[in-house]
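Please keep the structure open beside them as you go.

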Amino acid sequence: MAYSVRIDRIGKVGVPRSAPRVYQAKDEADAITIAFYEVDGSKPDRPRVATVTDASGRMLFTYSGRASTASQT
């Protein structure tokens with residue numbers, strides 16, 4: 001089954017900044033790897049959101065980055 005990974009760059013006001021990039025993945029593990037790499041590898045001032053869908057177009061998950069675990073003192 002083929003999976004599609006859509007990467008959207010998010011602007012300062014929370015809306016997409018440019019045309020999304022779309023990657024094809026052969027399985028779910030490959031799709032997760034692409035999503036994590038593209039979102040976590042982006043520069044801090046250029047946030048990205050990854051949306052993974054299956055062959056029928058059903059959304060499986062959306063990934064916007066790791067949760068912050070830093071505590072404020």
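How many salt bridges does the structure hold?

1. This is a predicted model, and the structure holds four salt bridges. Side chains of opposite charge can pair when their charged atoms come close.

2. One of these salt bridges joins Glu38 to Arg21, with the closest N and O atoms 3.3 Å apart. The pair links distant parts of the chain, since Glu38 belongs to helix 1 (residues 28–40) and Arg21 to strand 2, 17 residues apart.

3. Glu38 also meets Arg48 in a salt bridge, at 3.2 Å from N to O. Because Glu38 lies in helix 1 and Arg48 in strand 3, this pair ties together parts that are ten residues apart in sequence.

4. Buried means under 20% relative accessible area, so Glu38 at 10% counts as buried, and Arg48 at 15% counts as buried. Arg21, at 38% relative accessibility, counts as partly exposed.

5. Another salt bridge is formed by the side chains of Asp54 and Arg58, at 3.0 Å from N to O. Asp54 counts as buried at 5% relative accessibility, whereas Arg58 counts as exposed at 54%. As for shared partners, salt bridges join Arg21, Glu38 and Arg48 into one network.

6. The strands form an open sheet of four, in the order 2-1-3-4, with antiparallel pairing. Strand 2 (21–25) and strand 4 (59–63) each have a single partner strand, so one side of each is left without a neighbour in the sheet. From one strand to the next, the twist averages 20°.

7. Within the sheet, strand 1 (residues 3–9) pairs with strand 3 (residues 48–53) in the antiparallel sense over six bridges, and Asp8 stands opposite Val49 in strand 3.

Terms used: Residues numbered from 1 in each chain as written. Predicted model: local features only at pLDDT ≥ 70, side-chain atom pairs only at ≥ 80, totals over all residues. Heavy atoms only, no water. Pairing = 2+ DSSP bridges. Helix = DSSP H or I, 4+ residues; strand = E, 2+ residues; numbered from the N terminus. Axes fitted to C-alpha atoms, helices over the stretch in contact; angles between N-to-C directions. Buried < 20%, exposed > 50% of the residue type's maximum accessible area, 1.4 Å probe, protein only.
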